[in-house]
Amino acid sequence: MQAEAAAGAPPAVRVLAIADTDSYLKWSAATLEALPSTWECTRLIIENPVMPSAAQIRTVSSRPVEVLSNAVLARRIRLECPDVVLLACTGPVVAALTVQRVFWGRTRPLLVTGLPGISVPATSRAVTSRAACDLFLLHSKREVAEFAQIGARRAPRLIFGLASLPFLPARTPEAVADAHLGPDLVFAAQAKVPVDRAHRERILLALADAGSAVVKLRAWSEEQQTHNETWSYPDLMDELVAQRRIPADSVAFVGGSMQDALRTSRGFVTVSSTAALEAMAMTRPTLIISDFGVSAEMINLVFEESGCLGTLDDLRSGRLCQPDPRWLEANYFHPAEGARSLS
């Protein structure tokens, strides 16, 4: 009977996920984990100058990830004929991949793409570079509305789907009791913002004043990130210590998983990191630093009206916040039934 049932079962959907950088690999790996267990999923990285290190790969993926050149990747797709290809790559890489012949014709795979975190405000460049895809996954009602407006003009074939950020844990209304939390205040470092060296120094000085502060790094100095970082916090810390402007043990640095860092933290601080959503999901008090502006350039425009914007003085005084429930509904914490998944 089991053999007969297996014979009558529909063939498994085969998904090939292609990533190029650490943040896109994290998103693609988590997206695959959210798919039905009967689907056959393969993780790949396309060879490029900023691909993640072996340690970064182990942090975000529990399964093996192959690294392939562009030519080998095209042959792999022709041979395996996957049903779905998840293009979890930066815009220029998606645009370069989708012009290849393997993605043309009536028998080509369904092309799914997306962005690995906060995508507000929507940009024409993000849409046009992915215009040859079929489905563009977004993670909030606001994002879908903004991108669909651009897509109507720039990519009329492209469908914009509402999903949930796959690595975001379910938000629980009950905060963790203080007795179960550690002393550390976690700051999420970012490569792109703030741009100015002096601004980054001010953040380190404020973290030192706040006490028991930990800077969660996306990458160590020898590792690559999706975006280049001009002023790394560990290097700036060394200089501030040498100048005797900050005690050597006042700020610590950690790598690894953000969820691990947040699990026993007393709070979370950033300029604009997507990790703020992970902190909110875990009901950690959160502060989005606004001293350097709230704008598209600072990548923190989405946090307007969240109730979590604050200053470096708030950081020093330990004044962190819980987000406004109305903001949560519109931004990444919509009910699960409101999201449309690949299944």
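**Terms and values**

Visitor: Why does F147 count as buried?

Guide: F147 has a relative accessibility of 1%, so the residue counts as buried; the term means under 20% relative accessible area, with exposed being over 50% and partly exposed in between (1.4 Å probe, protein chains only). F160, at 10% relative accessibility, therefore also counts as buried. The model is a predicted one, in which local features need pLDDT of at least 70, side-chain atom pairs count only at pLDDT 80 or more, and totals for chains, interfaces and linings use all residues. Residues are numbered from 1 along each chain as its sequence is written, and side-chain values use heavy atoms, with hydrogens and water left out.

Visitor: What makes F136 and F160 an aromatic pair that is tilted?

Guide: Rings of Phe, Tyr and Trp (its six-membered ring) pair if their centres lie within 6.5 Å; planes under 30 degrees apart count as stacked, over 60 as edge-to-face and the rest as tilted. The rings of F136 and F160 are 5.5 Å apart centre to centre, with 35 degrees between the planes, and so form a tilted pair. The pair links distant parts of the chain, with F136 in strand β6 and F160 in strand β7, 24 residues apart. Helices (H or I, at least four residues) and strands (E, at least two) are DSSP runs, numbered from the N terminus.

Visitor: Why is it said that the pair of F147 and F160 ties together parts of the chain?

Guide: F147 lies in helix α7 (residues 141-154) and F160 in strand β7, so the pair joins parts that are 13 residues apart in sequence. This pair is tilted as well, at 6.4 Å centre to centre and 35 degrees between the planes. F136, F147 and F160 form one aromatic cluster, and the structure holds five aromatic pairs.

Visitor: What makes K26 a charge over the ring of F167?

Guide: The definition requires NZ of Lys or CZ of Arg within 6 Å of the ring centre and within 35 degrees of the ring normal. K26 lies over the face of F167, at 4.5 Å from the ring centre.

Visitor: Why is Q100 called buried?

Guide: Q100 has a relative accessible area of 18%, and therefore the residue is buried. Its place is in the loop between α5 (91-98) and β5 (110-114).

Visitor: Which residues does Q100 touch, and what joins its side chain to that of N70?

Guide: Leaving aside residues up to four places away in sequence, Q100 touches N70 and A74, where contact means heavy atoms within 4.5 Å. A polar contact of 2.9 Å joins the side chains of Q100 and N70. Such a contact is a pair of N or O atoms within 3.5 Å; within protein, one must be able to donate a hydrogen and the other to accept it, and residues adjacent in sequence count only if both atoms are side-chain atoms.

Visitor: How do you know that β4 and β5 pair?

Guide: Two strands pair if DSSP finds at least two bridges between them. Four bridges join strand β4 (residues 84-88) to β5, so the two strands, which run parallel, meet that requirement. In β5, V112 is the bridge partner of L86. An open sheet of seven strands has the order β3-β2-β1-β4-β5-β6-β7, with parallel pairing.

Visitor: What makes β3 and β7 edge strands?

Guide: β3 (66-68) and β7 (159-162) each pair on one side only.
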